[in-house]
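Please walk through this model with the sequence at hand. The text moves from helices to cores, and then to a pocket.

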Amino acid sequence: MTVGLVKPLAYTAPYSWLFVAVFLFAFVPEFRVVARSRPAPGEKTDRGSTAVIAMSGWIGMMAAFVVARLPMFLIVRGQKAWFAVGLAALLGGTLLRRHCWRILGKYFTGNVKVAADQPVIQTGVYRWVRHPSYTGGMLMYMGTGLALTNWLSVLIITAAGLAAYVYRVRVEERALLEQLGPQYESYMRNTKRFVPFVF
């Protein structure tokens, strides 16, 4: 089998059917979150971070799909295994994000907004990291790239997502510190941002 004859499994039936099903399961709820995440008029805490996430995600996703067929970057060796790893990461990421939505409840907002009565939530996965929903988002992006079985797709979509989330976290943590003060500062000292005990 030569590289020129290989296609991404995501574009080849029956793998394409599985890819589409998992992709829609993962991302359709995300579209609903984005749709209801417009900051109120005059609201300054978001600092455009919701728009940055939406645009970076859209551009990164479209670019990843466009370059997925480029033969020089295709993952040929172990293609089925990488496809499976990608789908697992995509599923794991969306399930992690849904766990975060349940834990935060009414305090989960698509845009940066801190309620006056908001506590520092340290239950569920929030015991281990401060921004697990963004970890889940990165898993979803990386998983999509891997499922496309193209290293350039992985690089583009992961870099776009990471850049957006790094900006978002800076904005969000500034807002949380301003509103929640020493409580959140203590929480920051005792937890990592994205990966438990690491980063």
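The paragraphs below take the helices, the cores and the pocket in turn.

This is a predicted model, in which local features need pLDDT of at least 70, side-chain atom pairs count only at pLDDT 80 or more, and totals for chains, interfaces and linings use all residues. Residues are numbered from 1 along each chain as its sequence is written, and side-chain values use heavy atoms, with hydrogens and water left out.

Start with two helices. Helices here are DSSP runs (H or I, at least four residues), numbered from the N terminus. α3 has 26 residues. From first C-alpha to last, α3 reaches 37 Å, close to the 38 Å expected at 1.5 Å a residue. The expected span is 1.5 Å times one less than the number of residues. Just after α3, G105 takes a positive phi of about 55 degrees.

α5 has 30 residues and reaches 41 Å, close to the expected 44 Å. At its start, a side-chain oxygen of N150 comes to within 2.9 Å of the backbone nitrogen of L152. Just after α5, G181 takes a positive phi of about 60 degrees.

Now the interior. A nonpolar core is a set of buried Ala, Val, Leu, Ile, Met, Phe, Trp, Tyr and Cys residues joined through side-chain atoms within 4.5 Å. Buried means under 20% relative accessible area, with a 1.4 Å probe and protein chains only. The largest nonpolar core has 25 residues, and F19, F27, F83 and Y141 touch the most other members. The elements that give two or more residues to this core are α1 (15-35), α2 (49-67), α3 (79-104), α4 (132-147) and α5 (151-180). A second, separate core of 20 residues includes L104, I121, V125 and V171.

What does F19 contact, leaving aside its neighbours within four places in sequence? Contact means heavy atoms within 4.5 Å. The partners of F19 are A10, F65, F83, L87, T144, A147 and L148.

Finally, the pocket. α2 gives the most to the lining, with seven residues.

R97 lies in helix α3. R97 counts as buried because its relative accessibility is 6%. Among the residues that R97 touches are E30, F108, Y134 and Y165.

How values were computed: Buried means under 20% relative accessible area, exposed over 50%, partly exposed in between (1.4 Å probe, protein chains only). A polar contact is a pair of N or O atoms within 3.5 Å; within protein, one must be able to donate a hydrogen and the other to accept it, and residues adjacent in sequence count only if both atoms are side-chain atoms.
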